[in-house]
Amino acid sequence: MAVKHHRSTLSKHLGWYDPDVINVEAELRKKFAARIKTATDPIEVLRAHCFSQCITGLKSLTRAFTKADKDDSGTLDFREFQRVLIRTGLDLDEKLIRKAFSQVDTNSDGIVSFEETTAALRPPVASHRLELVQRVFLKLDKDRSGYITLDDLCGVYNAKKHPKYLNGEWSEDRVTMEFIKTFDASRDGKISEDEFRDYYVALSASIDNDAYFDLIMRQAWNL
Ligand SMILES: [Ca+2]
Ligand SMILES: [Ca+2]
Ligand SMILES: [Ca+2]
């Protein structure tokens, strides 16, 4: 792979604030949108729909599931499952949803749990990539609170290049908070290990080259 290409995509990841580049998330959405048309496996179709909307698509779907699960049982039957997909904007035909449902229902008890659903829809990721993501998280979570917070990112994330910092509109903290939002699917202002992992597992699905994935992780976080 050409070094030039490395740099341009890397700068997309590092510099979502750079107005001249489309960020890597947009690229990911495009890839998954293209996959919707080519995928034949129902799970893959669902996953492609999910991530073509947003990199934290899995989390949005889980949120919709929690809402639909009125009796708090942690499980959904087929009709509820179908309703969630339709409500999330995934208006797929019933036959495909039925197939997806039976694939998600790995213990074949006729209902799907949240665990079954997220396990089925999370893009497959090589274990060495997952280990790298976990190592990076531990390194960033300096105070071992279990979350990456504003304090953890002090001196790690360079907010001073952001145009809104440069023009005086945003403070350094505000820029960093906006960056945290990229990962923060639960919207509590901090990045949990799950949120960090889900983000990079999704990103990983759009990057075939291991060395390139490694480079993105290390350089993005100054490791
Ligand atoms: Ca089940
Ligand atoms: Ca922390
Ligand atoms: Ca969070």
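Where pLDDT is low, the predicted coordinates should not be read in detail. Helix H1 (residues 3-14) has the lowest mean pLDDT among the elements of the protein chain, at 41. At the other end of the scale stands strand S3 (residues 147-148), with the highest mean, 96. The protein chain as a whole averages 82, and 89% of the residues score at least 70.

The largest nonpolar core holds 41 residues. Phe51, Phe196, Ala202 and Leu203 make the most contacts inside this core. Domain 1 (2-20 + 126-221) and domain 2 (39-121) both contribute residues, so the core lies between them.

The UniProt record, an unreviewed entry, lists "domain: EF-hand" at residues 56-91, 92-127, 128-163 and 171-206. Two of these spans can be set side by side. Residues 56-91 are 61% helix and 6% strand, with end C-alpha atoms 19 Å apart. Residues 128-163 are 50% helix and 6% strand, and their end C-alpha atoms lie 36 Å apart.

Now look along helix H5 (residues 78-87). Its buried residues are Phe81, Val84 and Leu85. They span an arc of only 95° around the axis, so they sit on the same side of H5. An α-helix has 3.6 residues a turn, so residues three or four places apart point the same way. On the other side of H5, Arg79 and Arg87 are exposed. What do the buried residues of H5 pack against? Their partners are helix H4 (57-68), strand S1 (75-76), helix H6 (94-104) and strand S2 (112-113). Gly89 follows H5 and has a positive phi, near 95°.

Positive phi also turns up in residues other than glycine. Arg144 has a phi near 55°. This arginine is found in the loop between helix H8 (127-140) and S3. Is Arg144 buried or exposed? Arg144 has 8 other C-beta atoms within 10 Å, so it is exposed.

Arg187 is not a glycine either, yet its phi is positive, about 55°. Arg187 lies in the loop between helix H11 (172-181) and strand S4 (191-192). With 9 other C-beta atoms within 10 Å, Arg187 is exposed.

Terms used
Residues numbered from 1 in each chain as written. Chains lettered and ligands numbered in written order. Predicted model: local features only at pLDDT ≥ 70, side-chain atom pairs only at ≥ 80, totals over all residues. Core = buried A, V, L, I, M, F, W, Y, C linked by C-beta atoms within 7 Å. Buried ≥ 20, exposed ≤ 12 C-beta atoms within 10 Å, placed from the backbone. Domains from an automatic or database assignment. UniProt positions renumbered as here; feature names shortened; annotations may be inferred. Helix = DSSP H or I, 4+ residues; strand = E, 2+ residues; numbered from the N terminus. pLDDT = per-residue confidence, 0-100. Arc of directions from axis to C-beta. Contact = placed C-beta atoms within 7 Å.
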